[in-house]
Amino acid sequence: MTHRGPAARGRFITFEGIDGAGKSSQIAAAVAALRARGIEVEQSREPGGTPLGERLRELLLHEPMHLETEAMLMFAARREHLAARILPALEAGRWVVCDRFSDATYAYQVGGRGLARDKFDALEAWVHPDFQPDLTLVFDLSPAVAAARMSASGAHPDRFEREQRDFFERVRDAYLERARTAPPRVCVIDADRPPERIQAEIERLLAERFFA
Ligand code: TYD
């Protein structure tokens, strides 16, 4: 029998973008593409990903609260998610594909709502010092197009989705700024294209980054 060493550490891939940018179906496609390569993949989301995180998500999406409470609860859910799920999976060699992570707190709470940057930096340094996703895909789309997509979907909007256009302009700008300051981890995907073109680009990116 051949001796097999410890499993190689898994990769952590996150999807980001303003509400209505069309991440969800692309996440499912990317997970399927990775599984087709024989990789064990866990799909998760933030806020959420653990039983406690999902309860915090309910509060975050529906309960009015102070901006700093919101930022701390996002990071509290994330702390639990990292400890209970993300880090154990990566250490066991499984990959984790997550719908949003700390770039969302930067974009929504700092960019959208005006949380002080140093408070974000302190929370990030506390909750995940020296840890970032291996790859982050930011779905970029004008808030006007995203709003039209969301209203066409007919879903009942949550506390974030009810925000005005200028809020999403600030969130978008913060994502783009993050992409400029953190290459090559953060890649911007033009989300105003047919889904099959976006899917092909993501598969190409994954192949280049992880299977070249
Ligand atoms: P999202 O994940 O887009 O779920 P759905 O597609 O079901 O609406 O929604 C989560 C919301 O939470 C989204 O509007 C962005 C917001 N959010 C933050 O404001 N900060 C964060 O750190 C995270 C993870 C999410």
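1. Glutamate 201 lies in helix H8, which covers residues 195-210. The model under review is a predicted one, and in this model glutamate 201 has a relative accessible area of 18%. Glutamate 201 therefore counts as buried, since the limit for that class is under 20%. Beyond the residues up to four places away in sequence, glutamate 201 touches Ile189 and Arg193.

2. Glutamine 26 belongs to helix H1, residues 23-36. With a relative accessible area of 4%, glutamine 26 is buried. If neighbours within four places in sequence are left aside, the contacts of glutamine 26 are Phe15, Phe139, Pro195, Ile198, Gln199 and Ile202.

3. The ligand takes up the space of the largest pocket. The elements that contribute two or more residues to the shell around the ligand are helix H2 (51-62), helix H3 (67-91) and helix H4 (102-112). Helix H4 supplies the largest share of this shell, namely four residues. In total, 16 residues surround the ligand, and the closest are Asp19, Arg57, Thr105, Gln109 and Glu161.

4. Which side chains place a polar atom 3.0 Å or 3.2 Å from a ligand oxygen atom? For arginine 57, the separation between a polar side-chain atom and an oxygen atom of the ligand is 3.0 Å. For arginine 78, the corresponding value is 3.2 Å. An N or O atom in the side chain of aspartate 19 is 2.9 Å from an oxygen atom of the ligand. Of the 550 Å² that the ligand exposes when taken alone, the protein buries 87%.

5. One joins glutamate 46 and proline 47, with omega about -10°. Proline 47 is located in the loop between strand S2 (41-45) and helix H2. The other runs from proline 183 to proline 184, with omega near 0°. Proline 184 is located in the loop between helix H7 (165-181) and strand S5 (186-190).

6. Arginine 100 has a positive phi of about 80° and is found in the loop between strand S3 (95-99) and helix H4. Aspartate 130 has a phi near 60°, likewise positive in a residue that is not glycine.

7. Are arginine 100 and aspartate 130 buried or exposed? Arginine 100 has 12% relative accessibility and so counts as buried. Aspartate 130 has a relative accessible area of 87% and is therefore exposed.

8. Leucine 115 is placed in the loop between helices H4 and H5. At 5% relative accessibility, leucine 115 is buried. The residues touching leucine 115, apart from those up to four places away in sequence, are Leu67, Glu68, Ala71, Gln109, Val110 and Phe120. One of these, Ala71, is 44 residues from leucine 115 along the chain, with a C-alpha separation of 8.0 Å. Another of them, Gln109, is also listed with the residues closest to the ligand.

9. Glycine 53 is part of helix H2, one of the elements that give two or more residues to the ligand shell. Its relative accessible area is 0%, and glycine 53 is therefore buried. Not counting residues up to four places away in sequence, glycine 53 touches Pro47, Gly48 and Ala77. Of these, Pro47 takes part in the cis peptide bond with glutamate 46. Between glycine 53 and valine 96, which are 43 residues apart in sequence, the C-alpha to C-alpha distance is 16 Å.

Note on methods. Residues numbered from 1 in each chain as written. Predicted model: local features only at pLDDT ≥ 70, side-chain atom pairs only at ≥ 80, totals over all residues. Heavy atoms only, no water. Buried < 20%, exposed > 50% of the residue type's maximum accessible area, 1.4 Å probe, protein only. Contact = heavy atoms within 4.5 Å. Near = heavy atom within 4 Å. Polar contact = N/O pair within 3.5 Å; in protein donor to acceptor, adjacent residues only side chain to side chain. Areas by Shrake-Rupley, 256 points an atom, 1.4 Å probe, with all protein chains shown as cover. 1 Å grid on protein atoms, 1.4 Å probe; cavity = no way out; pocket = protein on both sides within 12 Å on 5 of 7 lines; lining within 4 Å. Sits in = over half its atoms within 2 Å of the grid points.
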